[in-house]
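Open the model in your viewer and keep the selection panel handy. We will go stop by stop.

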Amino acid sequence: MPDERVAIYPGTFDPITNGHVDIIQRAVDLFDRVVVALALNPGKEPLFSIEEREEMVREAMNGWERVEVAILDGLAVEGAAKHNAIALIRGLRAVSDFEYEFQMALMNMHLAPNLHTVYLMPNEKYTYLNSTIIKGVALHGGNISRFVPSNVEKKLFQKYNDK
Ligand code: ADP
């Protein structure tokens, strides 16, 4: 498609949650193609390896025709250029996300003036959801089935049972 409008959605996805999936759905509604880009070196120590994180996203996105999964090795703006993205998607939950996201959006605008950062808000049921909370609940055997895709739920319990 020559005038295809592509968006990139970078993140750690450690692991992907239904909050992320909600954002991807909204991005798919707005763009022709969405590249979910997993940060190889996110600057924090992930629980899951890049291979595990990628596999979970691929399984969760199985059947989503306009979604592509990629590894992001370097800056998000470089990934955006590589995939010809016109927009960089981020999710905004509570006010607590704002300060960091604002700094990052301004920096990215400096690095890539033509790339639009687009913030999307999830359904309110995912507003307080993040991967860290999910991992904490899973570690203690709590029920997370409403908050993550079923393949992720399985992988999380496997991970903690192996430890
Ligand atoms: P990062 O380490 O880049 O923040 P994450 O995987 O934690 O990576 O998040 C990627 C993006 O998805 C961020 O913009 C984050 O705010 C957003 N996000 C994460 N969880 C949710 C959620 N429950 N609802 C909406 N957006 C979310």
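Start with the pocket lining. This is a predicted model, and the lining of its largest pocket has 21 nonpolar, 14 polar and nine charged residues. In total, 44 residues line this pocket. Select P10, G11, T12, K44 and R90: these lining residues lie nearest the centre. The pocket volume is about 1,200 Å³.

Now colour by element. Strand 1, helix 1, strand 4, helix 4 (95-111) and helix 5 each give two or more residues to the lining. Which of them gives the most to the lining? Helix 4 does, with eight residues.

Stay on helix 4 and pick N108, which lies in this helix. Is N108 buried or exposed? N108 counts as buried because its relative accessibility is 10%, and the cut-off for buried is under 20%. Show its neighbours: N108 touches V77 and L88, leaving aside residues up to four places away in sequence.

Next, select residues 18-30. This is helix 1, with 13 residues. From first C-alpha to last, helix 1 reaches 19 Å, close to the expected 18 Å.

Conventions:
Residues numbered from 1 in each chain as written. Predicted model: local features only at pLDDT ≥ 70, side-chain atom pairs only at ≥ 80, totals over all residues. Heavy atoms only, no water. Helix = DSSP H or I, 4+ residues; strand = E, 2+ residues; numbered from the N terminus. Expected span 1.5 Å × (residues − 1). 1 Å grid on protein atoms, 1.4 Å probe; cavity = no way out; pocket = protein on both sides within 12 Å on 5 of 7 lines; lining within 4 Å. Points joined across faces, edges and corners; volume = space filled by probe spheres on them. Nonpolar A, V, L, I, M, F, W, Y, C, P; charged D, E, K, R; others polar. Buried < 20%, exposed > 50% of the residue type's maximum accessible area, 1.4 Å probe, protein only. Contact = heavy atoms within 4.5 Å.
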